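Please look through the points below with the model open beside you. They go strand by strand first, then turn to side chains.

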Amino acid sequence: MTEIHVPADVPNELMETYIDNLMAATAGTGMMNLFACDQKIEHLNDDFYDGGVKVPLSSNDPGHLFEIGARTHSEQTLGVLAGQLGLISQYARDHPDLPYLVKLNSKSHMVKTSQRDPISQALWDMDDVMSLVHNGVNVVGIGYTVYIGSEYEHEMLTEAAQFIRQAHEQGMISVVWMYPRGKAVADEKDPQLIAGAAGVAGCLGADFAKVNYPKAWDGMTEAESFKVAVEAAGRTSIICSGGGSLPPRDFLQRLHDQINISGCRGAATGRNIHQKSTKEAVRMTAACHAIICEGASVDAAMKIFDGQ
C-alpha cells in the first residue's frame, strides 16, 4: 500500500475521515482506478452514440455508467466514480455506497480555442456536495478542471484552490484535471507543459491530478518523459488520462508503462471502459485494477479482460 500523507489543512479531528475517504477512493491501496463519467458535458454525446458501429447502443443511457460502477464496486475493482453533481444525484439513491467524486465544473467542447480561450467555472459549491453527503451518498471527494495557459486561468486556479481547501476541511480528497489549453499553448502534449501543470496541481494542494500523457522528450520514451511530470508534482499523486479508445492490449500496455516506468499513482479512464458492453467494461475495470493496484503484468491483465 502507498504511504499515506495527510495534508496539514485537514483538521486534526478529521484525519481519520480523510484517510477513510482516500482508502475508499483507491480500493484500500492508495493507488487510484478512477472511472471518469464526466464526458456527457465535456464531449456531449460524441462518446456515447455512433449508431452501434463501435460504441454499444447501451452506452447512450447514462445508467450504463452507474451499472458498471455498481458491479465493479461490488467486485472491489473500482476506485471511485467521477461525475458531475447533477448526474450523480440522479442515480445515487440507487447506488449510495459507490465511492463518488463530485465534479464541480464542466464545459462542452463546442466553443473552440480559436474562438475564445477556455474557461470552466463552478456549477456547484461545497454546500451542494454536502447535501448529498447528508442524504447518505458516499461522496469521498471533489474534482475540478483547470485549463492552464488560458487567459482565464486565474479564475479557475482561484476556484480550484478554494474547493481543495474546503474539501480538506470536510476530510475529503481532491482531484484536479490539469490541461494546458488556450491560444498561448502551442502543444497541449508538450512534456515540459505537462510537468508544469503537474507542479501547479501540487501548489494548489490537490491530492491527485489528472493530466494527459505527454509526448516524449528527445532521447526519452513517453513513459520516461511522463516520469518528469510525476516527480514535478511532489506529494500530489499523478493519474493519467485514459484518452481515446485503444485496442485493449495497447491500452493496458500503456497503463503498465505509466505505473511501472513513470511512477504515476493510477489512471482516470472513461472511453476505454464505458465504450464497451457492461460485461467487457467490468472486465476492463478489473484489468486496470490489477495493473494499478496489484502489480499485474499486461498478459495477466489481458486474461482478466478476456474472461479467462
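1. Strands β1 and β2 pair in the parallel sense, over three bridges. Pairing here requires at least two DSSP bridges between two strands. Alanine 36 has alanine 82, in β2, as its bridge partner. Helices (H or I, at least four residues) and strands (E, at least two) are DSSP runs, numbered from the N terminus.

2. On provenance: this is a predicted model, with residues numbered from 1 along each chain as its sequence is written.

3. Methionine 32 stands opposite glycine 266 of β8. Five of the five residues of β1 are buried, so the strand is largely enclosed by the rest of the structure. Buried means under 20% relative accessible area, exposed over 50%, and partly exposed in between (1.4 Å probe, protein chains only). Met32, Leu34 and Ala36 point one way from β1. Asn33 and Phe35 point the other way.

4. What does aspartate 38 contact, leaving aside neighbours within four places in sequence? The list is Ala82, Gly83, Gln84, Lys103 and Trp177. Contact means heavy atoms within 4.5 Å. Aspartate 38 is found in the loop between β1 and α2 (39-42). Its relative accessible area is 4%, so it counts as buried.

5. Next, β7 (residues 237-241). Five of its five residues are buried. β6 and β7 run parallel and are joined by four bridges. Isoleucine 238 of β7 is the bridge partner of alanine 209. Beyond four places in sequence, isoleucine 238 touches residues including Ala198, Val211, Phe226, Cys264 and Gly266.

6. The largest nonpolar core has 94 residues. Such a core is a set of buried Ala, Val, Leu, Ile, Met, Phe, Trp, Tyr and Cys residues joined through side-chain atoms within 4.5 Å. Met32, Leu34, Val129, Met178, Ile238 and Leu252 touch the most other members.

7. Helix α1 (residues 15-25) has Tyr18, Ile19, Asn21, Leu22, Met23 and Ala25 as its buried residues. They pack against β1 (32-36), β2 (80-84), β4 (139-148), α6 (153-169), β5 (173-180) and β6 (208-211). Just after α1, alanine 27 takes a positive phi of about 50°.

8. How many aromatic pairs does the structure hold? Five. Rings of Phe, Tyr and Trp (its six-membered ring) pair if their centres lie within 6.5 Å; planes under 30 degrees apart count as stacked, over 60 as edge-to-face and the rest as tilted. The rings of tyrosine 144 and phenylalanine 163 have centres 5.9 Å apart and planes at 40°, so this pair is tilted. Tyrosine 144 sits in strand β4 and phenylalanine 163 in helix α6, 19 residues apart. Both are buried.

9. Tyrosine 147 and tyrosine 179 also form a tilted pair, because their planes are at 40°, with ring centres 6.4 Å apart. Tyrosine 147 lies in β4 and tyrosine 179 in β5, so the pair ties together parts that are 32 residues apart in sequence. Both tyrosines are buried. Ring pairs also link Phe66, Tyr91 and Tyr100 into a cluster.

10. Two charges sit over rings. Lysine 40 lies over the face of phenylalanine 48, at 4.4 Å from the ring centre. Arginine 283 lies over the face of phenylalanine 305, at 6.0 Å. The criterion is NZ of Lys or CZ of Arg within 6 Å of the ring centre and within 35 degrees of the ring normal.

11. There are zero disulfides. The cut-off is a pair of cysteine sulfur atoms within 2.5 Å. The sulfur of cysteine 37 is 13 Å from the closest cysteine sulfur, in cysteine 288, which is too far for a bond. For cysteine 264, the nearest cysteine sulfur is that of cysteine 240, 6.2 Å away. Cysteine 37 is buried at 2% relative accessible area, and cysteine 264 is buried at 1%.

12. Last, proline 96, in the loop between α4 (85-91) and β3 (100-103). Proline 96 is partly exposed, with a relative accessible area of 31%. Outside four places in sequence, its contacts are Gly136, Val137 and Asn138. Proline 96 and asparagine 138 are 42 residues apart in sequence and 6.0 Å apart in space, C-alpha to C-alpha.

Methods
This is a predicted model: local features need pLDDT of at least 70, side-chain atom pairs count only at pLDDT 80 or more; totals for chains, interfaces and linings use all residues. Side-chain values use heavy atoms; hydrogens and water are left out.
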